[in-house]
Amino acid sequence: METPIVEILKKYWHHQSFRSLQEDIIQSVISGRDTIALLPTGGGKSICFQVPGMYLDGVCLVISPLIALMRDQVDNLKKRGIKAVAVNSSLNHREIDTALDNAVYGSTKFLYVSPERLKTDMFLARLPKMKVALLAIDEAHCISQWGHDFRPAYREIAAIRELIPKVPVIALTATATPKVVHDIAEQLALRDPAIYQKSFTRSNLIYVVQKETHKLARTINVVKRVGGTGIVYCSSRLETVRQANLLRANGISALPYHAGMDSKARRETQEMWIGNKAQIVVATNAFGMGIDKPDVRFVIHLDLPQSVEAYFQEAGRAGRDEKTAYATMFITDEDTERLKERVRSQVPERETLLQVYKALSNYYQLALGSLKLDSVAFDLADFCKKFSFKQSLTLQALKMLEQAGYITLSEAVFTPSYITFLIQNKDLYSFEVGHPKFEALIHLLLRGFEGVFDQPTRINEEKIARMLRVKPEDVRDQLRYLRELRVLHYQEQTDLPFITFPSHRVRAEELIIDKNMLRDYQERMLGKMQSVVNYVQNGLVCRSRQLVAYFGESSSDDCGRCDTCLNKKKRIPQAEFDQIRKALEEELTAEARPLNNLLTAKAFPEESVLIVLRWLIDGDLARVGDENMVQMGKL
């Protein structure tokens with residue numbers, strides 16, 4: 001006889017059985033125990049809270065950091081006939097109010113909220129009235145300063161738990177080191193949590209790191225040899241466009257994708273790729289989160305990522321259908337130095353934080369002591385151009401100011417236009433008498449939109465223009481002018497991120513910046529960067545073993561298919577082997593040596609030295625320690 005959770009799985013998801021660990025995790029959740037689930041990208045994390053959310057009586061409150069991820073999951077639930085809604089900064093006051101009311105009084109089963117939403121008065125007033133059955137924290141590594149995408153607002157979750165103390169919690173992530181897992185449990189105040197960790201090993205994914213100066217030619221070779229759809233990652237927006245153009249010039253359908261494109265262009269690119277109308281997306285790390293395309297056959301990195309976590313997530317977007325796929329990284333000798341320079345250039349000093357904060361105050365004309373709680377669109381490119389700031393460094397400075405509590409910065413997301421009249425009917429009539437050219441527009445707004453005097457109301461300039469038989473830009477110009485005259489508040493549609501100032505403006509010199517926090521942040525960024533360098537330079541140990549070891553998982557088995565495993569099978573003449581072995585034993589017995597220096601200092605071919613080193617390591621005659629230091633003897 002089938003269990004209720006299997007029946008739910010079949011009815012709504014049309015799967016006949018659970019994947020590895022999913023059923024154990026779900027049973028832990030529905031028994032009321034706090035649970036941490038570590039499942040790699042594509043491992044089916046959402047099922048682990050959505051199935052118990054359907055089983056339990058009440059609302060499943062899901063905290064998620066990305067609006068795109070929320071929208072994707074809400075859309076998927078709705079397609080399955082499940083009532084779900086997301087509350088985030090892309091909604092206006094009335095839409096949020098309605099969504100929260102439905103969670104209290106309606107039949108909503110899943111309420112998705114951004115972490116920043118947790119401390120708003122509107123949410124806090126509704127939460128005690130909700131029948132919350134389960135609290136799910138997606139991308140839970142964001143709560144840890146040791147994680148790769150720390151979000152200060154995630155620290156509010158522990159306070160929320162005090163309002164719903166008996167509700168079980170499930171925290172889910174695809175990328176967490178043991179240190180981060182411990183921090184998740186501590187920061188969420190989990191009670192004796194059950195921890196389930198699926199192996200990070202992706203047996204169908206072949207990892208390859210190759211030195212290659214002609215990256216375009218090798219990319220084309222991989223695309224034609226492997227076939228199917230894929231992703232090519234670059235570190236800059238300009239490079240995504242350049243590489244996409246080069247691939248198209250070589251007969252490969254490729255489209256660029258980066259955060260500088262407008263939302264329509266990004267959406268069209270994504271839809272063409274998912275629909276197999278484009279073979280490749282050439283993207284920055286802005287692409288991938290929340291996109292579920294199981295048949296990606298290859299992911300290629302033309303530049304080094306800034307952390308192992310980021311690389312593991314990006315590479316893990318290949319082969320979600322569990323068929324063979326490739327995660328290939330092409331590198332040159334200069335790439336590691338470029339990465340180090342890139343990361344160091346993004347590590348802000350205290351003086352940088354002061355300059356950025358002062359510039360923000362001037363940019364939004366914030367007087368000393370003023371408070372601006374309303375979210376306003378933030379154009380990073382325009383801001384940096386106006387104050388001659390470097391974008392990458394400025395973005396990191398904004399993240400530090402957010403951690404210190406002086407601002408909050410949302411992700412970039414399409415937000416439609418809104419208006420609210422600032423003067424009442426009587427005064428509005430007087431205004432029309434003196435400004436007759438606005439009469440048609442004002443009458444249309446009053447007739448066509450409810451609540452324009454009470455709260456922000458969504459409008460569509462194109463639709464209004466058609467009704468008035470004018471150009472959309474004419475409508476926008478009139479609305480801007482009415483805004484300047486303080487007749488109405490007009491927020492134009494945008495796909496920019498939003499910034500909020502939750503604290504009163506102080507003098508830049510009075511900012512309280514924790515020196516330890518700043519130092520720790522700098523050390524974390526540099527440490528994560530060094531882990532990537534260690535990974536690409538270590539051609540001795542199986543790539544898969546290196547990656548899973550980073551996340552605290554030990555594996556004694558080589559994958560047998562990565563570049564290091566394949567190179568182990570190569571042979572060299574015995575005499576040369578003996579010479580190299582003797583030289584290495586003499587050099588490494590006295591002290592540990594850096595792998596990179598060891599290879600370049602030998603009077604033998606690098607590939608031959610690697611073959612002998614692998615033989616020594618496999619036989620426990622030598623070891624590779626921290627920072628790729630090689631020494632004779634066992635660990």
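Tutor: Contact here means heavy atoms within 4.5 Å. The model is predicted, so local features need pLDDT of at least 70, side-chain atom pairs count only at pLDDT 80 or more, and totals for chains, interfaces and linings use all residues. Residues are numbered from 1 along each chain as its sequence is written, and side-chain values use heavy atoms, without hydrogens and water.

Student: At about what angle does helix α5 run to β3?

Tutor: Helices (H or I, at least four residues) and strands (E, at least two) are DSSP runs, numbered from the N terminus. Axes are lines fitted to C-alpha atoms, for helices over the stretch in contact, and angles run from 0 to 180 degrees between N-to-C directions. Helix α5 (residues 93–105) lies across β2, β3 and β4, and its angle to β3 is about 135°.

Student: Which strands stand at the edges of the sheet?

Tutor: Strands pair if DSSP finds at least two bridges between them. The open sheet has 7 strands in the order β3-β4-β2-β5-β6-β1-β7, with parallel pairing. Each edge strand has a single partner, so one side of it is left without a neighbour in the sheet; these strands are β3 (84–87) and β7 (194–197).

Student: Which residue of β6 is the bridge partner of Leu-135?

Tutor: Strands β5 (residues 132–137) and β6 (residues 169–173) pair in the parallel sense over 3 bridges. The partner of Leu-135 in β6 is Val-169.

Student: At roughly what angle do the axes of α15 and α16 cross?

Tutor: Helix α15 covers residues 380–387 and helix α16 residues 391–403. Their axes come within 10 Å and cross at roughly 110°.
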